[in-house]
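Visitor: Please take a close look at one part of this structure, the pocket and the ligand, and describe what lines the one and surrounds the other.

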Amino acid sequence: MKTIAAQPFDFRFDPAHTALIVIDMQRDFIEPGGFGATLGNDVSLLKKIVPTVARLLAAFRGAGLPIIHTRECHRSDLSDCPPAKRNRGNPSLRIGDPGPMGRILIAGEPGADIVPELAARAGEIVLDKPGKGAFYGTPLSSILADQGITHLVLAGVTTEVCVQTTMREANDRGFECLLAEDATESYFPEFKKATLDMIRAQGAIVGWTATVGQIEKALRP
Ligand code: C5J
């Protein structure tokens, strides 16, 4: 067993049963001209965590632990994008409309790609997801079960939307979850803070948080 000096108390995990899930580090959320920007957000806030997420990936790669990358995106015919999702946001540039990085949030378009600095390597799983949570409409449950995973470290964007939704989905499915505080970001700093507080409250009601430095330290041989 290994221990991460986490909040609200130590996170104990067996590396043989632990995976990293990096949520939606896509150009559509992080670069100008994508989905995040169409909603009026300052995407430069999210770009700042790319080096920290890269460090976390390096730590998991160095320890030989499984890594799953997710991408929020939809089929080109939008059959997996309910009107309840598409009809909100910016009415003049919706999911599926053409933008500077191709059709917004559509699988296979340049905007749906993971930013090049964090691209998946051979052997890592890339999971396309139509919802905010990574379990909804994907084979994530069976992927984790097949690998005997019981503990998850989460990172990515945005903290209070896809990251938090995934962490809550995982928590309800019995996974012990830790969120990497400085490898997640929101367009709204106050929402990030509130999410971290909510996760750790009431004796880790959703899970734990720790910095990438603390995670790196625990993963060192
Ligand atoms: C959002 C996400 N914010 N990846 N998606 O719409 O958090």
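Guide: The lining of the largest pocket divides by class into 14 nonpolar, 6 polar and 9 charged residues, as computed from what is a predicted model. Of the 29 residues that make up this lining, those nearest the centre of the pocket are Phe35, Glu72, Lys85, Lys132 and Val161. Two elements, helix H5 (83–86) and helix H7 (159–172), each give two or more residues to the lining, and the volume of the pocket comes to about 530 Å³.

The ligand sits in this largest pocket, where the residues that surround the ligand are Asp24, Phe29, Phe35, Glu72, Lys132, Val157, Thr158, Val161 and Cys162. Sorted by class, this shell consists of 5 nonpolar residues, 1 polar residue and 3 charged residues.

The side chain of Glu72 places an N or O atom 2.9 Å from a nitrogen atom of the ligand. On the backbone, an N or O atom of Thr158 lies 2.9 Å from a ligand oxygen atom, while a polar backbone atom of Cys162 is 3.1 Å from an oxygen atom of the ligand.

Definitions and conventions:
Residues are numbered from 1 along each chain as its sequence is written. This is a predicted model: local features need pLDDT of at least 70, side-chain atom pairs count only at pLDDT 80 or more; totals for chains, interfaces and linings use all residues. Side-chain values use heavy atoms; hydrogens and water are left out. A residue is near a molecule or strand if one of its heavy atoms lies within 4 Å of it. A polar contact is a pair of N or O atoms within 3.5 Å; within protein, one must be able to donate a hydrogen and the other to accept it, and residues adjacent in sequence count only if both atoms are side-chain atoms. On a 1 Å grid over the protein atoms alone, a cavity is a set of points where a 1.4 Å probe fits but cannot get out, and a pocket is an open set with protein on both sides within 12 Å along at least five of seven lines; lining residues have an atom within 4 Å of a point. A molecule sits in a cavity or pocket if more than half of its atoms lie within 2 Å of its grid points. Ala, Val, Leu, Ile, Met, Phe, Trp, Tyr, Cys and Pro count as nonpolar, Asp, Glu, Lys and Arg as charged, and the others, Gly among them, as polar. Grid points are joined across faces, edges and corners, and a volume is the space filled by probe spheres set on the points. Helices (H or I, at least four residues) and strands (E, at least two) are DSSP runs, numbered from the N terminus.
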